[in-house]
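Me: I would like a close look at one part of this model, a single residue and its surroundings, followed by an account of how the rest of the structure is arranged. Please begin with the residue and then widen the view.

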Amino acid sequence: MSPLPPGDGDEEPLDDLLRPLDEGSGPARRLSRKRSSALVQAALDAALQPVAPAPPSRRRKRPPVWLMAGAALVFTGAAAAAVWRFSASRPATPVVLTPHVPEPTRIATLEPVSLPSPPAPFVIEHPRPARPVPATREQARPEDLLRQANALRSEGKWTEAEGLYLRVIRAQPSSLAAYVARVASGALRLEHLGDARGALRQFQDAQRSQPGGMLDPEARHGEAEAYRALGDTAAEARALDAFIALHPDSPLGATARSRLRELSPR
Amino acid sequence: MSPDDPIPPRASSLSDMRSSGSHATVAPRAAEDARLAAAMQGQRDATESLLLDLLPRVRNLVRYLVRGDSDVEDIAQESLIALVRGLPTYRGDGRFHGWVDRVVVRTTFAWLKRSRGREARYSGDPVELLAVPSDEAPADEYVHRRHMVALLDRLSTEQRHALVLHHVLELSVQEISTELGVPFETVRSRLRLGRTALRALAADGDGPEGGA
């Protein structure tokens, strides 16, 4: 192991406490081969996908001048005709006139003036294409949405992140991204959104969608936590039992066992 | 290095970055080079194999840099993605592990900057030092590292990063000063204070689990 970098006048050793980085075990938690492989696969999937096209610019491409001019003419003509038609075709409302003289009252009715028949109606075609923005948003890849959701979560924008997680789940319910989104959504609901019942549903859905998946410890422990938040101690104990049986080496195991002891009848 | 710049550095800027003596732990040089070349060309199998080998190093470095375990996998995954996307920019004229470490550090710092304020959620749970299976590495080494990183969790972020960059990645004070954009003497001061604090914590057996 090499000594400290020379030449900076700061060579007090600390090798007994901190050692140079290597591929050995620790200080990161141990990770099973299965989870390591899943993590690498997910990273590869995200990294090797073709880069999504840049979001459409706010400034749309203008249609040709001749088309704009024609459209303006058509629109103006149509608008004028519509105004004219509206005003011309409105049926004349009978007007009641009350004379000042106390003579027998006469009601004068003004007859509608006959007008030339209105022109044929215009069919106005909108010169611009349909707005593409909603479609593009819906077509965003789940992995991209997941990344955006994680970023929002990192910024503390819980509700917005939750919205994106739900979009990921809706987009491809059986995908790995949806599985991750379910667990993330469950944690968000439990920790930040005060929705323990929704969290419970998400954790359970995650377990059903990928039994024994790479986030199974988190999903199972989250399920127990959700039951705890709901005050269902019997279900919480069952969930903790299952969690400890399936993941005895999990870093959460110690707290799970401790909690289970609290719940056990003395 | 700008902490918020997630773009992997080019190898030319990394040639002076030290690397640990871990090269002996990986495959022989020729095979390693062939796999690396294949990965740089975008071959999935080679890239996957490379990432699987790098993953422990990546995760360990991330854990050294951040408090608690909860975000390690997220950051490690972001780092792997950055590595894959940055591979074509690696020109082979610097040490590969040095380049990898730099990408991971950048990704981690960028993540920390984005998530500023979240560290308050860290609860300092002592957990898994109670029982450690020894399937891949000596348990005592694992426990030692877990103990040390638990002590690091109790230092300030600035002292922690200075200690990790200096003692774990073996960067010089000057390099750290340049990379972090802080004065040379500030780095020295952080190192001095960080070492003192870490030694005090270790001597007191004041780790969360009371010593490994």
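Reply: A:Met214 is buried, because 23 other C-beta atoms lie within 10 Å and 20 or more are required for that class. The model is a predicted one, and what follows should be read accordingly. A:Met214 belongs to the loop that links α7 (196-209) and α8 (216-230) of chain A. Beyond its neighbours within four places in sequence, the contacts of A:Met214 are A:Lys34, A:Arg35 and A:Ala38. With A:Ala38, the separation along the chain is 176 residues, while the C-alpha atoms are 6.8 Å apart.

Elsewhere in chain A, two helices can be described as a pair. The axes of α4 (residues 142-154) and α6 (residues 176-193) of chain A come within 10 Å and cross at roughly 20°. Since angles under 35 degrees count as roughly parallel, α4(A) and α6(A) are therefore roughly parallel to each other. Their crossing is left-handed. On the side of α4(A), the contact is made by A:Pro142, A:Glu143, A:Leu146, A:Ala149 and A:Arg153, and on the side of α6(A) by A:Ala177, A:Ala178, A:Val180, A:Ala181, A:Ala184 and A:Leu188. Sorted by class, this contact between α4(A) and α6(A) comprises nine nonpolar residues, two charged residues and no polar ones.

Confidence in chain A calls for some caution. Its mean pLDDT is 71, and 61% of its residues reach 70 or more. Over residues 86-111 of chain A, pLDDT stays under 50, and the model has twelve contacts for this stretch beyond four places in sequence. Residues 122-138 of chain A also stay under 50 in pLDDT, with ten contacts beyond four places in sequence. Where pLDDT is low, the predicted coordinates should not be read in detail.

Chain B has eight helices and zero strands, and from the N terminus on its elements run α-α-α-α-α-α-α-α. Of the 212 residues in chain B, 48% are buried. Among the contacts in chain B between residues at least 6 apart in sequence, 71% join residues at least 24 apart.

The two chains also touch each other. Chain B gives 61 residues to the contact and chain A gives 41 residues. On the side of chain B, the elements that give two or more residues are α2, α3 (72-86), α4 (96-114), α5 (139-152), α6 (157-168), α7 (173-180) and α8 (184-204). The largest share of that side, 14 residues, comes from α2(B). By class, the side of chain B that touches chain A has 27 nonpolar, twelve polar and 22 charged residues.

One residue of α2(B) may be considered in detail. B:Asn60 is located in helix α2 (residues 44-65) of chain B. B:Asn60 counts as buried because it has 24 C-beta neighbours inside 10 Å. Apart from neighbours within four places in sequence, B:Asn60 is in contact with A:Leu21, A:Gly26, A:Pro27 and A:Ala28. Within chain B, the C-alpha atoms of B:Asn60 and B:Val149 are separated by 10.0 Å, and these residues are 89 apart along the chain.

Technical notes
Residues numbered from 1 in each chain as written. Chains lettered and ligands numbered in written order. Predicted model: local features only at pLDDT ≥ 70, side-chain atom pairs only at ≥ 80, totals over all residues. pLDDT = per-residue confidence, 0-100. Contact = placed C-beta atoms within 7 Å. Helix = DSSP H or I, 4+ residues; strand = E, 2+ residues; numbered from the N terminus. Buried ≥ 20, exposed ≤ 12 C-beta atoms within 10 Å, placed from the backbone. Nonpolar A, V, L, I, M, F, W, Y, C, P; charged D, E, K, R; others polar. Axes fitted to C-alpha atoms, helices over the stretch in contact; angles between N-to-C directions. Parallel < 35°, antiparallel > 145°, perpendicular 65-115°, else oblique. Left-handed = near helix turned anticlockwise from the far one by under 90°.
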